[in-house]
Each structure stands twice: as structure tokens, then as C-alpha cells.
Amino acid sequence: MKFLILIGIVFSVLTGCQTENIKVQKEQENDNTEIWEIQISKPVFSSTDPQKCKVVNDRVAALIDSLKNDFKVQVKAYNQAFDTIPDAEPMRPLEMFVEDSVFMANSNYISLRLKVYISLGGANGETKYYALNYDLKNGKFLSKGDILDLKQANEINRVLKQEFKNPDECFSEQPTVNTCSALNFTGKKLCFTYGKYVLGAGACGDAIINVDCSKLNNCLLIK
């Protein structure tokens with residue numbers, strides 16, 4: 001009897017120490033008509049507890065739905081404007097593309113980035129980045145100030161300047177934590193994403209700076 005009790009205790013300790021895997025699936029959506037082309041790739045997270053990842057999946061879906069609805073409203077306004085101009089030919093189809101990058105998905109954190117490109121008839125479209133970082137253990141989304149101690153912004157900016165690669169000297173501005181468009185993380189690195197025009201002319205494009213967590217260890221608030 002004592003032997004069986006001991007086995008039961010050992011089993012419960014071992015199973016309690018196991019880390020829960022978070023599964024990630026890709027979901028694709030295509031909505032193409034004569035007037036717009038919408039292509040969306042988004043992550044869907046799941047675990048053995050159906051509710052564990054629901055808040056993240058809901059936030060991703062709500063953000064994409066909001067952006068998609070705004071895009072369709074703007075497309076409608078764009079086409080109505082051309083209806084009032086004789087012989088004018090609107091640019092069609094207008095475009096919305098969403099790409100996702102998952103940096104971390106484990107029992108502690110989910111970190112993902114959405115890259116959203118929208119073209120509304122101009123010569124160049126606009127790309128925006130959205131970071132979603134979620135603390136699964138405490139059940140809350142993380143802001144920049146939850147990930148890094150922004151009171152140490154000078155130290156963070158010093159490291160960013162040190163790690164910034166600008167070989168052609170196209171970018172005219174130095175990266176800072178405050179101007180970062182999206183902040184994500186893995187277990188070993190922090191990823192600072194700067195959208196087009198943030199650090200220089202449009203021709204320079206986007207900028208991504210990967211920093212080893214060890215270089216910002218004193219500023220890092222997540223473990």
C-alpha cells in the first residue's frame with residue numbers, strides 16, 4: 001500500500017512539472033473581387049485547456065476584422081470618388097495583405113507580430129506592424145513597459161544604436177525604444193521592428209533589430 005502511495009506521489013509531481021505545449025496552426029483567408037484583393041494569414045493557438053488561448057485568438061481575429069472592415073470602407077469611398085470624375089479609371093483591385101510571425105508560443109508567453117500592407121490606389125502602399133504579447137500565467141497582454149523597464153530608456157537606446165546595422169547609411173535616424181513600431185521576443189532575443197519612414201526615407205524600407213536578451217538583462221522585466 002505504501003509503495004502504491006509513493007508511486008502516486010511521484011507520478012503527480014512528474015506530471016505537475018511538465019510544461020504545457022501551445023500548438024500553432026496557420027489559418028488562411030482569401031477574399032478577392034474585381035475591386036479588392038484580400039489575403040490574410042493568421043495564427044491560431046490551442047492547448048489542452050480550450051480557454052487558455054481563447055483571449056489571444058479573439059484579439060487577433062478582432063484586430064484583423066477591424067482592419068479589414070476599415071479597408072472595405074475606404075475602398076468604397078475610393079470608388080465613389082471616381083464615379084464623380086468623367087472618364088477616370090480607378091486602380092483595381094486595391095490590396096490588403098496580412099502576414100503573421102510567431103516568435104514564441106509556450107506555457108509562459110505568446111509573442112506574435114502582424115504585418116499589414118494596404119494599397120489604396122497610390123504609387124506605394126502602406127505597411128504597418130502590430131505586436132501582440134501575452135502573459136499566459138498572469139492572463140494579460142504586455143505593453144512595451146511590461147517587457148522592458150522604460151525608465152532605463154537611455155541604456156536600451158544605447159544597445160539599439162550599437163546593434164543597428166546601417167551599412168549603406170540609408171537610414172538617417174537612430175532607433176529608440178519609443179519609436180519602435182513592434183516589440184517581440186523569443187527566449188533568447190528581443191526583436192525591435194521599425195516600419196517604413198520611421199528611421200529614414202521610404203526607399204530605405206523597414207528595419208528590424210534583433211538584440212540578445214543578455215545585452216538588456218538589467219532592463220528586461222519578463223523572465
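This is a predicted model: local features need pLDDT of at least 70, side-chain atom pairs count only at pLDDT 80 or more; totals for chains, interfaces and linings use all residues.
Start with the cysteines. Searching the whole structure turns up one disulfide, and it links C170 to C204 with an S to S distance of 1.9 Å. C170 sits in the loop between helix 4 and strand 7 (182-185), while C204 sits in the loop between strand 8 and strand 9, so the bridge ties together parts that are 34 residues apart in sequence. The S-S torsion of C170 and C204 comes out at about -90°, which means the disulfide is left-handed. C170 is partly exposed, at 37% relative accessible area, whereas C204 is buried at 15%. C180, on the other hand, is in no disulfide; its nearest cysteine sulfur belongs to C191 and is 8.0 Å away. C180 is buried, with a relative accessible area of 6%, and C219 is buried too, at 2%.

Next comes helix 4, which spans residues 153-163 and buries A153, I156, N157, V159, L160 and E163. Viewed down the helix axis, these buried residues fall within an arc of 160°, so they line one face of helix 4. That buried set packs against strand 8 (189-194) and strand 9 (207-212). Over on the other side of helix 4, N154, K161 and Q162 are exposed.

By type, the lining of the largest pocket splits into six nonpolar, one polar and three charged residues.

Conventions. Residues are numbered from 1 along each chain as its sequence is written. Side-chain values use heavy atoms; hydrogens and water are left out. Buried means under 20% relative accessible area, exposed over 50%, partly exposed in between (1.4 Å probe, protein chains only). Helices (H or I, at least four residues) and strands (E, at least two) are DSSP runs, numbered from the N terminus. The arc is that of the directions from the helix axis to the C-beta atoms. Contact means heavy atoms within 4.5 Å. Ala, Val, Leu, Ile, Met, Phe, Trp, Tyr, Cys and Pro count as nonpolar, Asp, Glu, Lys and Arg as charged, and the others, Gly among them, as polar. A disulfide is a pair of cysteine sulfur atoms within 2.5 Å.
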